[in-house]
Amino acid sequence: MRKQALSGILGVLAAFAIGALVLALQGFNPVATYGALLQYSLFSGSGFTATLTRAVPLILTGLSASIAFASGPVNLGQPGQLVMGALGATLVGLFVHLPSVFLVPLCILASLLGGALWSGLAALLKRAFAMDEFIVTLMLNFIADYFALWVITYPLFDPSASTPMTRPISTAAWLPDLGGVNTSVLFMVLAAVVCWLIMSRGRSGYEWRMTGQNSLFARIGGCKVDANYVRVMLVTGALAGLAGGLMIMGGPHRFVKGLGANYAWDGIMIAVVASNGISGTFLYGLLFSALQQGAIGMELVTAVPSEFIDVLQAVIVLVVVAGRVSLNMVFDRLATRRKLKENTR
Amino acid sequence: MARDVLIDLQHITKVFPPDTVALSDVSVSFEAGEIHALVGENGAGKSTLMKVFYGLERRDAGDIFFRGAKVEFRTPREAIAAGIGMVHQEILLIPEYTVWQNIVLGAEPVRAFGIIDVDRAREVVRQKIEEFQFNLDPDALVGDISVAARQKVEILKLLYRNVSVLVLDEPTAVLTPQEIPQLFAELARLRDKGHTIIFISHRLDEVLTLSDRVTVMRRGKIVGTSAASELTKEDLARQMVGREVLFTSRRQPQEPGEIVFHAQGLNCSDTEHRARLHDATVEVRAGEIVGVAGVEGNGQFELVNAIMGLAPMTSGTLEVKGKDITHADILTRRTLIAFVPQDREKMGASVAASILEDAIMTHHILDPRFRTWRGLGLNYRHAAEFVDQIRDQFTVSMGHSSDPFNSLSGGNQQKVILGRELLLETPFVLMDQPTRGLDVGSIEYVHQLLLDLRSKKRAVLLVSADLDELFMVADRIVVMCQGEVVADLATDATSREEIGYYMLGGKEVAHAETGS
């Protein structure tokens with residue numbers, strides 16, 4: 001755990017150093033660029049709240065991928081599950097008319113179900129026909145994408161709009177801002193806490209982790225690995241669905257074409273960097289969100305294009321993941337040298 | 001008689017990261033034309049030392065001299081070119097190729113344009129077989145010949161490459177008692193022709209029969225080298241373990257109780273519909289240890305899988321304590337069966353998990369004390385106490401319960417698994433090779449544990465490839481051959497030779513009726 005934190009911090013710092021080198025080579029001032037990045041993501045009121053809001057889908061899809069990968073199923077369907085969750089929340093928000101107290105939970109529930117439906121479909125195909133969820137979830141992403149596009153282009157098209165989008169959902173389903181922070185952040189934090197409890201304190205989390213590490217061991221130990229597989233798929237689908245629902249309810253309040261296009265893939269990336277840990281996913285989610293948010297400001301004040309952030313993110317992923325292994329090797333080599341010295345003494 | 005020093009290993013040190021000292025300042029020399037046994041418990045460093053010599057492992061310090069010159073083999077290929085060959089524990093041949101094809105593979109005699117000279121290759125192999133009197137058919141498919149014959153092919157493969165030094169890593173581990181003398185005769189013949197043989201083993205009788213000199217290793221260090229003729233089995237064991245070891249059974253006479261485990265007419269087939277288990281019937285009574293002997297791959301694996309519910313049976317019934325578990329799910333079986341699998345890393349535990357996580361498996365479902373929050377939560381405090389209980393009761397030497405499982409030595413890993421399974425307090429215990437890969441001290445511990453279970457009136461089924469082990473602890477031995485139970489013999493009324501006879505497919509079925 002402490003080693004993980006150390007390799008993470010060292011990795012991120014090293015990545016920033018490499019990024020600075022890239023900037024300097026292109027003739028930009030790294031200090032000013034990073035200054036603007038931080039200014040617009042963390043050290044201004046509006047920037048910070050925007051970073052938090054942006055972190056909602058990143059962290060939720062990250063948690064979805066982390067829990068799935070740690071438990072065995074290779075669920076790569078976060079993008080599709082997010083879209084289906086968003087669609088679920090949109091449908092309820094458009095057609096159900098209830099006061100906020102009821103409508104908000106109902107929309108949340110619809111988004112969870114939307115995501116779980118989509119991952120559940122993949123789980124069903126695995127159980128019935130032994131189709132690998134790895135490829136099925138990946139393909140379902142396309143189906144979800146175009147299905148949603150059809151829905152917002154034809155049946156739910158807002159005639160007053162020029163591009164495919166739905167009408168706004170009922171204002172009773174809108175998540176308000178509290179002190180500048182959108183309340184979707186609260187739901188995200190709540191979900192993250194629940195995830196941590198399940199994985200680190202729960203009986204199911206223990207079984208899921210053991211199954212992910214060695215499913216034969218778990219099976220022979222009496223765990224119902226098949227039922228657990230379905231549960232993990234449903235839970236991780238629901239998490240990605242929740243990300244979509246919260247994006248609708250906290251953001252544009254309607255399903256707009258291209259919604260969440262990149263967030264879900266970022267979630268998978270975050271899970272990989274965090275090596276499927278819950279708290280790691282949370283922290284890296286915040287970091288990536290800060291980078292993406294800061295990129296907007298950086299582009300405003302400096303001449304550095306916002307694409308630089310894509311480069312920086314990629315460098316972070318590579319350096320942290322590679323660093324984790326090599327740091328262990330360094331530790332090993334140090335330990336070996338120590339032992340050798342003890343021996344020759 | 002004094003021979004010339006051929007191989008001299010000086011001050012070899014090898015550390016496996018992070019802090020396992022596999023070899024600590026090891027110096028040993030091997031003489032030309034001798035059979036030199038390298039003995040020690042598992043983990044003593046015998047194989048590692050030879051792998052360092054052979055270029056399979058890097059060393060961290062020390063020098064290697066061969067024929068008086070300092071050498072450095074970076075790969076086995078370089079070692080073979082210098083005239084040194086090693087036969088590993090696992091046999092690595094191509095089953096679809098014939099004997100001669102396997103032997104020449106990688107060093108084929110060629111004609112012009114690189115075309116393999118088939119006739120010459122066959123002829124050279126045939127000559128080698130004759131020269132060393134190996135009794136092999138050069139045209140037989142390797143997939144069709146016995147394990148012992150395959151081992152000969154491995155050795156011939158090296159002789160074909162004209163090595164003068166042969167390193168054999170536990171060559172008898174895969175052989176039946178009948179096949180061992182033949183191997184020994186062949187090795188002795190090789191020595192008489194001037195070859196040097198380094199023979200890694202932990203079977204003391206063999207070492208004393210075969211070798212000229214013996215070097216004992218313990219915990220990565222050399223204990224000493226002596227002439228085999230000056231040693232007794234007890235001396236060797238003491239040097240290996242560092243204390244006296246008992247070789248005789250401490251099995252007290254005891255009347256077995258009622259039938260606890262009863263498997264009747266088990267049949268199962270593999271994916272190609274070949275029968276893997278054929279009408280296998282086994283029963284175990286309370287306070288009885290029944291051993292399952294057999295050459296590996298004769299249905300033991302399938303028997304274990306059938307009992308645990310891991311593979312479907314085509315017919316047959318299973319009963320534990322009068323309860324029919326033929327169609328029960330694994331969890332139901334686990335309430336009645338404690339199971340120690342043969343492969344710790346694949347079945348026994350998750351090596352990536354912590355000691356605690358591996359120690360509480362199954363208990364976390366069956367024991368309500370592991371639950372909190374109405375069964376949703378796992379009671380980690382109780383789990384930690386449970387690990388302490390295993391540690392104390394089964395003398396596990398370990399750090400904190402949150403340390404990774406693979407920070408434990410093999411023996412301690414096995415103790416954690418044994419502790420976990422035996423604390424399930426089930427009437428029936430199934431152990432599949434529980435001492436495989438353990439050192440002598442841990443093996444002794446496991447045997448004592450088995451005998452304790454026996455006196456506690458548990459029923460134990462022990463699958464083992466080690467006949468010594470079966471003769472030491474088992475009351476009865478059933479022998480499996482090609483999926484059938486071909487013999488069921490009371491240990492006190494049989495011999496290793498008789499068991500070996502049935503293992504190799506002796507057909508007459510002998511039943512030592514045990515009162516049923």
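Trainee: Which residues of chain A does the UniProt annotation "transmembrane region" cover?

Mentor: The unreviewed UniProt entry puts "transmembrane region" on residues 48-70, 82-114, 134-157, 178-199, 229-251 and 263-291 of chain A. UniProt positions are given in the numbering used here, feature names are shortened, and annotations may be inferred rather than shown by experiment.

Trainee: Before we go on, what sort of model is this, and how are things numbered?

Mentor: It's a predicted model, where local features need pLDDT of at least 70 and side-chain atom pairs count only at pLDDT 80 or more, while totals for chains, interfaces and linings use all residues. Residues are numbered from 1 along each chain as its sequence is written, and chains are lettered from A and ligands numbered from 1 in the order in which they are written.

Trainee: Back to those annotated spans. How much helix is in residues 134-157 of chain A?

Mentor: That span is 83% helix and 0% strand, and its end C-alpha atoms lie 33 Å apart. For residues 178-199 of chain A, the end C-alpha atoms lie 30 Å apart, with 73% helix and 14% strand. Helices (H or I, at least four residues) and strands (E, at least two) are DSSP runs, numbered from the N terminus.

Trainee: And how many helices and strands does chain A have?

Mentor: Chain A has 13 helices and 2 strands. Its C-alpha trace spans about 80 × 60 × 35 Å along the principal axes.

Trainee: How about burial in chain A?

Mentor: Buried residues make up 52% of the 345 residues in chain A. A residue is buried if 20 or more other C-beta atoms, placed from the backbone, lie within 10 Å of its own, exposed if 12 or fewer, and partly exposed in between.

Trainee: Is His253(A) buried or exposed?

Mentor: His253(A) counts as buried, because there are 20 C-beta neighbours inside 10 Å. His253(A) sits in the loop between helix H10 (225-250) and helix H11 (263-273) of chain A, and has a positive phi of about 60 degrees although it is not a glycine.

Trainee: Changing topic: how many residues does each chain give to the contact?

Mentor: Chain A gives 21 residues and chain B gives 33. Two residues are in contact if their C-beta atoms, placed from the backbone, lie within 7 Å.

Trainee: Which elements of chain A are on that side?

Mentor: Helix H8 (203-213), helix H9 (215-220) and helix H13 (307-344) of chain A each give two or more residues. The largest share, 8 residues, comes from H13(A).

Trainee: Now chain B. What's it made of?

Mentor: Chain B has 18 helices and 23 strands. It is divided into domain 1 (5-241) and domain 2 (259-336 + 426-511), with bounds from an automatic or database domain assignment.

Trainee: How far apart are the C-alpha centres of the two domains of chain B?

Mentor: They lie 33 Å apart. In chain B, 8 residues of domain 1 are in contact with 12 residues of domain 2.

Trainee: In what order do the strands of that open sheet in chain B run?

Mentor: The order is E12-E11-E14-E15 in chain B, 4 strands with antiparallel pairing. The edge strands are E12 and strand E15 (323-324) of chain B, each pairing on one side only. Two strands pair if DSSP finds at least two bridges between them.

Trainee: How many bridges link E11 and E12 of chain B?

Mentor: Strand E11 (residues 259-269) of chain B pairs with E12(B) over 7 bridges. Ser269(B) stands opposite Ala275(B) in E12(B).

Trainee: Which strands form the hairpin where Arg219(B) is in the turn?

Mentor: E9(B) and E10(B) do, with 2 residues between them, and Arg219(B) has a positive phi of about 50 degrees. Antiparallel, the two strands are joined by 6 bridges, and Thr215(B) stands opposite Thr225(B) in E10(B).
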